[in-house]
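Let's take a walk through this model together, from the overall fold down to a few individual residues. Have the viewer open and follow along.

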Amino acid sequence: MTWVYLGVAILFEIAFALGTNATKGFTRLVPSVLTLIAAAGGIYTLSLALRRLDVSVGYTIWTGIGGAGTVVLGAILFKERITAARLICFASIIGGAVLLRLTSV
């Protein structure tokens, strides 16, 4: 269940990051409320995952994969450019998260 909680936390993290853009500086009510709910949901579900994961592993995976997911969806939804250099950086983040998991056993 730990990894399910972390997966849900990552989805909330991505929703929070993308939602922040939609709030237009928290001047739009509905996107602002949804963004705050996503932030709270992400922190709550991360805290559930951290009951069994080391914080160094859980937090790094949460922010790393959440960040990479935000980049991918930002490119799809907001037409942001993904360059070769960015792809290398994202692959490094994902690779680091996977290695953290493998070495945390």
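This is a predicted model: local features need pLDDT of at least 70, side-chain atom pairs count only at pLDDT 80 or more; totals for chains, interfaces and linings use all residues.

A residue is called buried when its relative accessible area is under 20%, exposed when it is over 50%, and partly exposed in between, using a 1.4 Å probe and protein chains only. Residues are numbered from 1 along each chain as its sequence is written, and side-chain values use heavy atoms, with hydrogens and water left out.

Now for the fold. The protein has four helices and zero strands, and its pattern along the sequence reads α-α-α-α. Helices here are DSSP runs of H or I with at least four residues, strands are runs of E with at least two, and both are numbered from the N terminus. The C-alpha atoms fill a box of roughly 45 × 35 × 15 Å along the principal axes. The accessible surface comes to about 6,600 Å², and carbon and sulfur atoms account for 71% of it; such areas come from the Shrake-Rupley method with a 1.4 Å probe, and for residues only the protein chains shown count as cover. If contact means heavy atoms within 4.5 Å, then 66% of the contacts with a separation of 6 or more involve residues 24 or more positions apart.

How do the helices pack? Two packed helices are described by the angle between their axes and the distance between the axes. The axes are lines fitted to C-alpha atoms over the stretch in contact, and the angles run from 0 to 180 degrees between N-to-C directions. Helix α3 (residues 55-78) and helix α4 (residues 84-103) pack at about 155 degrees, with their axes 9 Å apart. That makes α3 roughly antiparallel to α4. Angles over 145 degrees count as roughly antiparallel, under 35 as roughly parallel, 65 to 115 as roughly perpendicular, and the rest as oblique. Where they meet, α3 contributes residues including Ile 61, Ile 65 and Val 71, and α4 contributes residues including Phe 90, Ile 93 and Leu 100.

Turn next to α1 and α3, which pack at an angle of about 45 degrees with their axes 8 Å apart. The two helices are therefore oblique to each other. Among the residues making this contact are Trp 3, Leu 6 and Ile 10 of α1, and Ile 61, Trp 62 and Ile 65 of α3.

For a closer look at one side chain, find Thr 45 in helix α2 (residues 29-49). Thr 45 is buried, with a relative accessible area of 9%. A polar atom of its side chain lies 2.8 Å from the backbone oxygen of Gly 41. Leaving aside residues up to four places away in sequence, Thr 45 touches Tyr 5, Val 8, Ala 9 and Phe 12.

Finally, visit the loop between α1 (2-22) and α2, where Lys 24 sits. Most residues other than glycine have a negative phi. Lys 24, not a glycine, has a positive phi of about 55 degrees, and Lys 24 is exposed, with a relative accessible area of 53%. Phe 26 is also in the loop between α1 and α2, with a positive phi near 60 degrees. Phe 26 is partly exposed, at a relative accessible area of 41%.

How values were computed
A polar contact is a pair of N or O atoms within 3.5 Å; within protein, one must be able to donate a hydrogen and the other to accept it, and residues adjacent in sequence count only if both atoms are side-chain atoms.
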